[in-house]
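Subject: Structure handover

Hello,

I am passing on the structure we spoke about, with notes on what turned up in it. Please have it open while you read.

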Amino acid sequence: MSPPEALNCPNCGGAVMSDLTNCEFCSSRLKTVGCAKCLGMMFLGSKFCGHCGASAYAAELLDDTDAGDCPRCKTSLQSLKIDDVTIRECVRCGGFWTEADGFEELCKDRERQASVLGFASSYRHENADPPTISYVPCPDCKQLMNRSNFARSSGIIIDMCKQHGVWFDAGELPKIIQFLDDGGLDRAREKEKISIQDERSRLRDEERRLAMMARRSGNMRFDEESSSSFGGLISRLFD
């Protein structure tokens, strides 16, 4: 673990050792993160890195007493606001939780992706252990979450509660954002579109085959029922 060093409080500017959780001068809550450019330590909320002078992403530690517990190591989560994205982070294992609506917005917006990626990539979790592959509970409803291959083709397995949000183990969130930036979601959507078109074509062929069988047998009632049944199945594919 890196030895503590004197950093400036982002609220009052006082020199405070990096291993303290509150400023000795103004009592502000403090949290150390790494600079996205040089990885030097600075306090969350600082406007500039004291080591290289790079601009820091806009981030603040929220006072949230109902953030829930980490699904992996059961420690209390901390709520963070990075630009206008709110996430909950485990300081022990480096995992992140984001609500369902927030994750959808994150997938759409490159600026939000860049700010969260900068934070998640630069923060160093020296106490983090490799996650055990298992089903874990949602921090909100405590029900076991589903494990899912993001976009069905990314190879990144995430834990998801359909009602509340998504949990990312340390290192997964940057991989997801990199996948999005590389156009992975667009490729996945194109594959899904082709798959749906193939299924639609297969159902039409099957419908024609059954209609032909019905005509040969003279059973027009069977033909009408089959056509209606398959038409309904096609419709349900797009509900």
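A search of the whole structure, which is a predicted model, finds eight salt bridges.

Salt bridges

Arginine 72 and aspartate 159 meet through their side chains in a salt bridge, at 3.3 Å from N to O. Arginine 72 sits in the loop between β5 (59–61) and β6 (78–82), while aspartate 159 belongs to strand β10, so this pair ties together parts that are 87 residues apart in sequence. With a relative accessible area of 0%, aspartate 159 is buried.

Glutamate 199 pairs with arginine 202, and their closest N and O atoms are 2.8 Å apart. These two residues are three apart in the helix, about one turn. Both count as partly exposed: glutamate 199 has 27% relative accessibility, and arginine 202 has 45%.

The other one joins the side chains of arginine 208 and aspartate 205, at 2.3 Å from N to O. Elsewhere, salt bridges with shared partners link Arg72, Arg147, Asp159 and Asp169 into one network.

Strands

Strand β8 (residues 96–99) pairs with two other strands. Strand β7 (residues 85–89) runs antiparallel to β8 and is joined to it by two bridges; arginine 88 has tryptophan 97 of β8 as its bridge partner. The two strands form a hairpin with six residues between them, and glycine 94 in the turn has a positive phi of about 85°. Strand β11 (residues 165–168) also pairs with β8 in the antiparallel sense, over four bridges. In that pairing, phenylalanine 96 is the bridge partner of phenylalanine 168 in β11.

What is the volume of the largest pocket? It comes to about 810 Å³. The pocket is lined by 30 residues, and those closest to its centre are Cys107, Phe150, Ala151, Leu185 and Arg189. Elements that each supply at least two lining residues include α1 (100–108), α2 (110–122), β10 (157–161) and β11. Helix α4 (184–217) is also among them, and it gives the most, with seven residues. By class, the lining has 12 nonpolar, seven polar and 11 charged residues.

Regards

How values were computed
Residues numbered from 1 in each chain as written. Predicted model: local features only at pLDDT ≥ 70, side-chain atom pairs only at ≥ 80, totals over all residues. Heavy atoms only, no water. Pairing = 2+ DSSP bridges. 1 Å grid on protein atoms, 1.4 Å probe; cavity = no way out; pocket = protein on both sides within 12 Å on 5 of 7 lines; lining within 4 Å. Points joined across faces, edges and corners; volume = space filled by probe spheres on them. Nonpolar A, V, L, I, M, F, W, Y, C, P; charged D, E, K, R; others polar. Salt bridge = Lys/Arg side-chain N within 4 Å of Asp/Glu carboxyl O. Buried < 20%, exposed > 50% of the residue type's maximum accessible area, 1.4 Å probe, protein only.
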